[in-house]
Amino acid sequence: MKRTLYFICCLGFILFCSSCRKDFEFQASTGNLGFSKDTVYLDTIFANIGSSTYNLKVYNTSDDDISIPNVSLQNGENSGYRLNVDGQAGKSFQDVQILAKDSLFIFIETTFNTNNSPIIDNQFVYTDKILFDSGDNLQDVDLVTLVKDAIFIYPDKDNTTGIIETLTLTIDGESVATDIQGRELLPEELTFTNQKPYVIYGYAAVPNGETLTIDAGARVHFHANSGLLVSEGATLNVNGALSSDPEVLENEVIFEGNRLEPIYSDVPGQWGTIWLFEGSQNNTINHATIKNATVGVLSDGNADAITDKLTITNSQIYNISTFGILGRNTSIKADNIVLNNAGQASFGATLGGKYNVTHSTIANYWNSSFRQFPALLINNFVIDEENTAFISDLTEANFSNCIIYGNDNPELLIDQIEDASVVFNFKFTNCLLRFQDSSNFFSSPNYDFDDATHYENMIFNQDPDFRDVFENDMIIGENSAANGQGNTAFATQVPNDILGVNRTTSPDLGAFQHITF
């Protein structure tokens, strides 16, 4: 009985206190709001492509609960900016409440639509303001975005079904429908200039018998799962040139994703690949930077081509989620290339083929996850889903005056399925290689470093002295083990380094002549 009476008394006390509580009383804002920043910079975007989401924090610095009569964009419903205030999306908001000494977030995005406002110059600064209250209590925060105009290449989409156009490719002379989203480039699209950036959705295919020429200084950006595809009988010529400013790279051709915000500048896997389809021919890439792709360059077939299927020179490939360069029974000639930071291998010479690589830096300092392969992978086979191995000739795999290094050990894997009818030829000459087999796991004759038919004048496990591997700055210092160790015969074939410095007198290994840091 006493216990019951006690609970009744407690309940009565709670009800009495609750009946005495006053509702929150919000006072009108008096123009004394605080802000986390006075200007919100939304970084650079392409026209017609939405930005990332940015935030602004609004503080009630007073001791009263307040209500802001109006929060809106200065340009109103015509603004290209979008707001989300306290969980509500829109461009104008009434009676926005903030408790005493509390705050709220405003989230901001923008898209600049050129259909409504064409861009006269190639880029301009797009601005607006967030207005808080009005009259004498008016406060504002500036919004600033750099908008770049671009040339957009994208497949057609059926507005009724939502089906996106896919590629039909010529394979062995026959037309084959694929599920690869994209379209063939039109005749007027077969020269990419440096006047405006190019933004590609899906795969832009170079048609059979045509050549895509990309001028020095061009910028090519890809949406997710997009890339270039050079069809059977087609050719890609990337005609970059040496730049005078190593920061601006005004003559470099740059391939990267279409997100321009700094947070995306070094994110691997943002787009697909540059795919040199089997039967494409005489492809050249000079002074290019390829970054943030799934595969940097994928070269398929034509191992016996009279002229190498791909000649790549003075180019850098980095921040790749799988392979920097992946060759599959193909022919590649590479001089002065720099590879780094790949989720699997920086260079994969697979299913045999022909590879001649001179004065190149094949490094891998990937640190985002475990990687399956070393910096350089060489094999003569592929295994299909039914565990059947297909073997091909490795007619040549010559690496001369190169650095092959990374943060794993060893950084070379030579994986051979032996077959008396298949050749397997490789040679390393004057190379700095990270390879230390403390467990004697690599017992194959392919790792007999005393065999002069495969290895000559090698340097093992000594510091290449790269300037900053995690910034993909692979230039070497004067303390590098590669300093002055090059074979002059190969240096004569590639007389200047990737920066145009002559190397014929005292060649260093790799793509760069050393400097004093």
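**Overall form, cores and selected residues of the predicted chain**

The protein chain has a radius of gyration of 30 Å, whereas a compact globule of 517 residues would have one near 24 Å; the radius is taken over C-alpha atoms, and the globule rule is 2.2 Å times the number of residues to the power 0.38. The structure is a predicted model, in which local features need pLDDT of at least 70 and side-chain atom pairs count only at pLDDT 80 or more, while totals for chains, interfaces and linings use all residues. Residues are numbered from 1 along each chain as its sequence is written, and side-chain values use heavy atoms, with hydrogens and water left out.

Along its principal axes, the C-alpha trace of the protein chain spans about 95 × 65 × 55 Å. The chain contains two helices and 42 strands, these elements being DSSP runs numbered from the N terminus (helices H or I, at least four residues; strands E, at least two). Of contacts between residues at least 6 apart in sequence, 67% join residues at least 24 apart, where contact means heavy atoms within 4.5 Å. Buried residues account for 49% of the 517 residues; buried means under 20% relative accessible area, exposed over 50%, and partly exposed in between (1.4 Å probe, protein chains only).

In soluble globular proteins, nonpolar side chains tend to be buried together. In this model the largest nonpolar core has 78 residues, and those with the most contacts inside it are Ile 214, Phe 255, Phe 347, Ile 378, Phe 399 and Phe 428. Strand 28 (residues 323-342) gives the most to this core, with eight residues. A nonpolar core is here a set of buried Ala, Val, Leu, Ile, Met, Phe, Trp, Tyr and Cys residues joined through side-chain atoms within 4.5 Å. When neighbours within four places in sequence are left aside, the contacts of Phe 428 include Leu 376, Ile 378, Phe 399, His 454 and Met 458. A second, separate core of 29 residues includes Ile 45, Tyr 54, Val 71 and Leu 104.

Asn 457, which lies in the loop between strand 39 (455-456) and strand 40 (459-460), is 29 residues from Phe 428 in sequence and 8.5 Å from it in space, C-alpha to C-alpha. Apart from neighbours within four places in sequence, Asn 457 is in contact with Asn 430 and Cys 431.

Thr 358 belongs to strand 29 (residues 347-358) and counts as buried because its relative accessibility is 8%. Not counting residues up to four places away in sequence, Thr 358 touches residues including Ala 334, Ser 400, Phe 490 and Val 494. Asn 115, by contrast, lies in the loop between strand 9 (103-110) and strand 10 (123-132), and counts as exposed because its relative accessibility is 70%. Asn 115 and Asn 48 are 67 residues apart in sequence, yet 8.7 Å apart in space, C-alpha to C-alpha.

Most residues other than glycine have a negative phi, and most peptide bonds are trans. Asp 86 has a positive phi, near 55 degrees; Asp 86 lies in the loop between strand 6 (81-85) and strand 7 (88-90) and is exposed, with a relative accessible area of 57%. Leu 351 also has a positive phi, of about 55 degrees, but Leu 351 is found in strand 29 and is buried, with a relative accessible area of 18%.
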